[in-house]
Amino acid sequence: MTTATSGRTTVTGAVGTAHTRVEGRDKVTGAARYAGEIPFADLAHGWLVVSTVARGRILTVETAPVLDMPGVLTVLHHGNAPRLEIDYIGSLGVPPDPTAAVFQNDHVPYAGWPVALVVAETPEQAREAAESLVVTYEREPHDIALSADHPDAYAVDGHMPGVTEKGDLEAELAASAHVVDVEYTTPEEHHAMMEPHAATALWDGGRLEVVDSNQGTSWVADELARMFSLDASAVRVRSEHVGGGFGSKGIRAHQVSAVMAATALRRPVRVVLTRRQMFSLTGYRSPTTQRVRLGADPDGRLRALDHRSLSRTSTVWEFVEPSAGVARVMYDADAHRTANEVVRLDVPSPAWMRGPGEAPGSFALEAALDELAERCGVDPIELRLRNEPELGPVSGLPFAARNLAACFREGARRFGWAGRDPRPGVRREGRWLLGTGTAAASFPAGALPSTAAVTAEADGTFTVRIAAADIGTGARTALTLVAADALRVTPDRVRVRIGDSDFGPAGIAGGSMGTRSWAWAVTAAAEELRERLVPGGVVPPEGVTVRSDTTAAIGALAQQERHSFGAQFAEVAVDVTTGEVRVRRMLGIFAAGRIVNPLTARGQLVGGMTWGISMALHEEAVRDGASGGLYGPDLAGYHVATHADVPAVEADWVDDPDPDDPVGIKGIGEVGIVGAAAAIANAVWHATGVRHRSLPIRPDRVLEAGGPRV
């Protein structure tokens, strides 16, 4: 056992101490293999062909010339592919996105829709043949334009109600001393993790095996079993190392098409998506148009809050970006209304993307709070503290813990907020105007039922088996520390095996629920195993194994508002001649439960804040109205923050253990990006005196807005 001091409380044991990744050496030496590089005998390679029209029908797929090309084994399309079952509710409580159920009809709902799979002996042969395949279409008129007044907008109940309301909104607005009524927009944004989506499918003794890069092997195995009408025990999915997920690595076209091809050819088939294909086949963050109306008394206390968010979805899949949901947690008012609405358009299906809903929603809400603070003449932090709710503003439930105020106070102290001149446009260094801004952050802290097995081995070590997914977050290492403490041994005696659906059902790596869900199951199994073992007793050669299932424990949790919180701070410099915005420093202070591994936790939070810089200043996918496709769907045309754009970014936390969690965990994967873009936008206003209500804040937009006030 080790003892360390975190600067907050004394930490005894493995949890809470910095620990390098247990798989780190394998990754830096190349021993760790990812889904697209694991060797298989007799491996064939599939290459997807995607539509070039935004809407229409497939008239012909001219396969004969392609089948005569060297190495080509087969071409799958809607005319010969097996029929799939798509009328079901999956393990996550939603039906499958039809994008994954490939080649089921001749309909094309958007540009980039999968229309065929060419399979060949080598990836080069497959690519050449796929690019030679001629597909003809009957084009139909398409619509990709999202506007605030779109007549076909409607509210959607996703994982939360579409609309919530209480009180007389118009009356409270009319009675308010200060009113903010503004519209904010965010663009289409894409997750482009370093490792592309890849899957290999094969049949082994009548059992389907898929080696994949995903965020939950149990999830993908369940979806494949349902789609192909297989018994659950007949499907095994493995995903040991994942090079990033961000919400996109669930059930997708590449896994399903690989299974189809492996079934047809009775040999292993690998399908790897290209970077460009990922821009249409793996989900993205929908653009949003958000209207926020705030009404307040002279001292800034809210009387009315109205947050309406409009996003878009595809014509084949109803997905809502729940941006108004953040207002349901952050601030209360006598009259409170929120709405998440969508419009069906001829575009690819959006999907979960890191900080779903909260990331764009916090930009609008926290920027509007900043505008209200200016009108009230109240410090932005003080305004937020005056509007701290005692109960959930919509649910009326108590907060399990709400340490947002502690985050703001600690952040303000460390950032030097007290010395800030509230007047905009007064600080200057040469051609640069300087400003600072802040914003609040929150994200739900949930848990999914999971199973885990812990085995005491005869050699004195312990093996943990759980179908967890380490998507770069350090989950494998965190679970090693959790298991070590529960077993009361040192981490070097624990081996954690993950990423295999044969280990039993477990929650996904998503929604900041992964480590919390898995640690709960590992702790339960490890503690029971420790109680079973006789001190000094001999462990039999086959070991002693205990299995846990947290379904009942999680189901018994009292209903409360459970969230991680944070306070974001940013300092920017704006060039008065070019409009360039540079972030000089950022600080995030978070209340995110007990921190299992400070080393990887800080990396996650800094990574989220870095993505917030990218969101605020760079990221913007633009669609061509004529074709319905993206301009530059690659990492040359889609701009993201690079090292030169990221200054000193500091992340830290306050003590905030969840008393209802066996380890005290909440979750940190998403909260780091929430509020970051708003803090930067608020800092740009403080530097220039000009509000920017549309992201990204590009230099041309700074100049078009009238430029910095000098």
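Two strands pair if DSSP finds at least two bridges between them. The views below show a predicted model.

View 1. Strand 21 covers residues 451-456 and strand 22 covers residues 462-465. Four bridges join these two strands, which run antiparallel. Ala-453 has Arg-465 of strand 22 as its bridge partner. Five residues lie between the strands of the hairpin, where Gly-460 takes a positive phi near 90 degrees.

**View 2. Strand 21 beside strand 24.** Strand 21 also pairs with strand 24, in the antiparallel sense and over six bridges. Val-546 in strand 24 is the bridge partner of Val-454. Six of the six residues of strand 21 are buried. Thr-451, Ala-453 and Thr-455 cover one side, and Ala-452, Val-454 and Ala-456 the other, so both faces are covered, buried meaning under 20% relative accessible area.

View 3. Helix 13 runs over residues 514-532. Its 19 residues should span 27 Å at 1.5 Å a residue, and the end C-alpha atoms are 27 Å apart, which agrees. Among the buried residues of helix 13 are Trp-518, Trp-520, Val-522 and Leu-529. The buried residues of this helix pack against strand 21, strand 22, helix 12 (475-487), strand 24 (544-549) and helix 14 (551-555).

Methods
Residues numbered from 1 in each chain as written. Predicted model: local features only at pLDDT ≥ 70, side-chain atom pairs only at ≥ 80, totals over all residues. Heavy atoms only, no water. Expected span 1.5 Å × (residues − 1). Buried < 20%, exposed > 50% of the residue type's maximum accessible area, 1.4 Å probe, protein only. Contact = heavy atoms within 4.5 Å.
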